[in-house]
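Subject: A structure for you to explore

Hi there,

Here is the structure I promised to pass on. Have a look at it first, and then read my notes below.

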Amino acid sequence: MTMSSILRKFRRVASLRRTLFILISISVLLVVHFHYKLFNESNSLSQYKSVQPYAQLSRQCPSIIKSSEKLKRNVLLLSIDRSRCDKIRNFIETVKYEFIQVSKFDENSLFDHDFPQFASVIFCSFQDHNEISTYQSFYAALQSYQSKHSIGKIIIANQTDERLYSIPHVTTSYTEEIGEASFLIHDSSLLRITKAHKEHFALSFHKGNFQIDVEDGVSHEKVTQLTISDQWRTGVVHVCQQKTEPETIIFGMGTELFVNQMLLLDSIYYTSKGILQKPLEKNIQIDIDDIFVGDPGTRIGVSDVDAMIEFTDKWKEQIPGFNFVVGFSGKFINRGNETEDAGDSYILEKKDHFRWFGHMFSHMKAIMFEDDESLCKYMSDNKKFGVKNQLPFETGYAVAPHHAGVYPVHEPLYHCWREVWGVKITSTEEYPHLYPATKRRGFLHQGLQVLPRQTCRLFTHTQFYKKFPNGPNSLEASIHGGELFSQLLLNEMNIFMTHMQNYGGDRLSLYTFGKAFEFLYKMTNLRLVQLPTQQLADKYFKNNPKEADTPTWTNPCNDKRHLEIVPESRKDKCQNLPDFVIVGPQKTGTTALMNFLKHHPTFLSSYDSPTTYEELQFFSSQNYKNGLNWYLDLFPDRPSDRKTLIFEKSATYFTSSPTIPRIKALLPKIKIVSVLMEPGARAYSWYFHQKAHNIPAAVKYSFMEVLNGKEGDDSQLLDLQNRCLAPGNYAKHLAKWISAFESNVVIVDGDKLKADPIAAMNDFQHDIIAPSFVDYSKLISFDEQKGFFCPLENGKTRCLGISKGRKYPDMPEECRKTIDEFYAPLNENLKDLLLKNELSFPTWLK
Ligand SMILES: Nc1ncnc2c1ncn2[C@@H]1O[C@H](COP(=O)(O)OS(=O)(=O)O)[C@@H](OP(=O)(O)O)[C@H]1O
């Protein structure tokens, strides 16, 4: 090699180095600049503006004196038009206060001895307050209740409020403006969650806001004030208790503004004298769904891992117990570029800074595995990876890859989680549905505690601030008073799902949560804390005992997103759910009806259940815990070549209280078939049924003794009497079915079904709108030996077994008289109910 060629090469290398140096310097500058931009530049919504300071007002109303009364923890929502309460009800449901909504203003309906007490009163609009106060006796009774228990009231401007309303001591003026205002929250006596702010902050607001002015001489607190076009207005006002009026908190704008959401919580607390309160401490957990899963260029490197650790340490100071909870799929380690592979090794080295849970080895959906064996094997491979790398596992917790398998439930996932990992807790955003987020709930299934999970709008593809869906402002809005802020404010517990990609790129997760925590702590006195997941789950289900139960199963066919996460082989199953259910009551001829329908070409009955035979008793018994798939597997496939109505019958449904909401949730449009036999004959038949099963009280006491049982008698006798007679109060039970299923309730005349089933079955085909009509005289015939009509098979009658159509003596006259007297008024109620709902009368009722 000549000297000149060496020099040329040296120059080339030097110029390459120079270029590299310049490039690196530019990138460093860019990174520093962008990092600064992202983490230090304030956004428009949280920015404090320097407007002309407004005189700070001092507290005028007394500080809260906590009540020692044992009032029921209900919020009373009052409105003439129920829909005006929709937004407030949604808010109350989100924070999980119990509530009673009243829209009929007869004092007896509110204050009779059954009516539960309440601890806070909300008028859902100014108009409602105005109009309800004209129901004088009701309003007086309400005020006397409020004064007796020192309960204040809250009045909220609604978007339907379009004129001025008179509220005692207050004048309201309506403005149509929309725009940006400078806000100020004064230090008033009702603040608990909300922090007072001497500085002003900018906020955009919607159409329809009221300015509230209080009469001179009436003590009050201006809780919020805002300037619009340099004019000061009062947004929320607290009128202290007056001689004749309870204290009143008036919201000049609805509940959409986040400031008003905070203040509404505080107002409920204040007006209920502390009876309705939510803890100031909230639980948080941030899961990282899929470490190691992602295309090269989208993954995390060493510096990203360092940033995660740095933020963990910083957040630990504000959030005791904070750690990211990280899911891993071992197969994908070292599948990135060189920098990212270094990041993979580095996070394993720094494993103790995180809490880990196992995904699937290759991050496949659990629903791809139809059987337990292959799914469990896949999970085991991932566990081996975790054990080999000595990852500190978060005991008993896991999340399902791709959100699939937790809800709708994929049973093998539950099984393998328990077997391979000992999982006891998981979380999902799908129960009962992804939207609305405010209605997400937890549940228990197969020994697992399933917690609700929240979204923070960071998905695998959300990597860069500027490319945030709908622009960075939409992220900022969510953080500063929008969706993310509301979740932190309103939910007692938030498990958020993030992804590895949100820690690479612009590290959007660190940015989003950093800003969200900052804003929450600036605006509120709330404090966040993270618990180990087992403690979190125990706490959640203790605080929400109603959710510590089997989920209320919903139909995946009615939710596109749910249907997508049902295993391929089961996707069609929900098409087989029944079109009608014969709900009973017991001993009215329901089995005969079912049997006759089985002989019709276009009615398809459910299969027998392994335990309860021809009755599935899914909605009314422990079978409900077996899960939806158990129920679905008890129905035949719906034929594609002809129209068919699928049905099941369970006579226990008629009187069972959990059944109606469960059927309604799964099959909102289903038809409900009830067979009504003369109730005295039904009671007599039921009594002999018990006797045949050697139920001691039925063996011991005659039917007359059962009818005559009175207070103080043998408890077994009274129990038998109640179970014998109560189902015959048809009107009481039927009213509940009609209220839930309205015109979809079909009545079958039980006496006619027994005496003239050909006519009864023809009526039924008409009422249920059968896909094809058959003449039942060709399908059934009277069987002399049985003494009943029976279906014909190959020209011969095939009757029901000995337990249906028993032989027993006719009812003694004395009993008939007593039972007729008992049911006479109840049958009158039934007549009224059927008439009101345009349902036909059974012959025995006429
Ligand atoms: N065709 C036919 N065959 C047999 N039995 C008939 C028929 N039609 C109506 N019934 C009456 O049905 C009564 C049994 O009612 P259920 O089937 O609803 O009883 S159960 O609740 O399912 O146990 C049964 O009550 P008992 O006579 O007391 O056994 C019958 O009165």
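Let's start with a pair of helices: helix 19 crosses helix 22 in a right-handed way. Please keep in mind throughout that this is a predicted model. On the helix 19 side, the contact is made by Arg682, Ala683, Trp686 and Gln690, and helix 22 brings Leu720, Arg723, Cys724 and Leu725.

How are two packed helices described? By the angle between their axes and the distance between those axes. Here, helix 19 (residues 679-692) and helix 22 (residues 715-725) pack at about 135°, and their axes are 9 Å apart. Because of that angle, helix 19 counts as oblique to helix 22.

Next, the annotated regions. The UniProt record, an unreviewed entry, places "domain: Sulfotransferase" at residues 578-831. Over that span the chain is 42% helix and 14% strand, with 29 Å between the end C-alpha atoms. Residues 282-485 are 33% helix and 16% strand, and their end C-alpha atoms lie 13 Å apart.

Most peptide bonds are trans, and most residues other than glycine have a negative phi.

- Tyrosine 435 and proline 436 are joined by a cis peptide bond with omega about -5°; proline 436 sits in the loop between strand 16 (425-428) and strand 17 (443-445).
- Glycine 584 and proline 585 are joined by a cis peptide bond with omega about 5°; proline 585 sits in the loop between strand 22 (580-584) and helix 16 (590-598).

Phenylalanine 292 is not a glycine, yet its phi is positive, at about 85°. You will find phenylalanine 292 in the loop between strand 13 (281-291) and helix 7 (302-318). Is phenylalanine 292 buried or exposed? Its relative accessibility is 0%, so phenylalanine 292 counts as buried. Glutamate 838 also has a positive phi, near 55°, and lies in the segment after helix 26 (813-836). With 74% relative accessibility, glutamate 838 counts as exposed.

Finally, take a look at serine 189, in the loop between strand 7 (179-185) and strand 8 (197-205). Serine 189 counts as buried because its relative accessibility is 5%. Leaving out residues up to four places away in sequence, serine 189 touches Arg59, Cys61, Pro62, Ser63, Glu221, His238 and Tyr270.

Enjoy exploring!

Best wishes

Note on methods. Residues are numbered from 1 along each chain as its sequence is written. This is a predicted model: local features need pLDDT of at least 70, side-chain atom pairs count only at pLDDT 80 or more; totals for chains, interfaces and linings use all residues. Side-chain values use heavy atoms; hydrogens and water are left out. Axes are lines fitted to C-alpha atoms, for helices over the stretch in contact, and angles run from 0 to 180 degrees between N-to-C directions. Helices (H or I, at least four residues) and strands (E, at least two) are DSSP runs, numbered from the N terminus. Angles under 35 degrees count as roughly parallel, over 145 as roughly antiparallel, 65 to 115 as roughly perpendicular and the rest as oblique. A crossing is left-handed if the near helix is turned anticlockwise from the far one by less than a right angle, and right-handed if clockwise. Contact means heavy atoms within 4.5 Å. UniProt positions are given in the numbering used here, feature names are shortened, and annotations may be inferred rather than shown by experiment. Buried means under 20% relative accessible area, exposed over 50%, partly exposed in between (1.4 Å probe, protein chains only).
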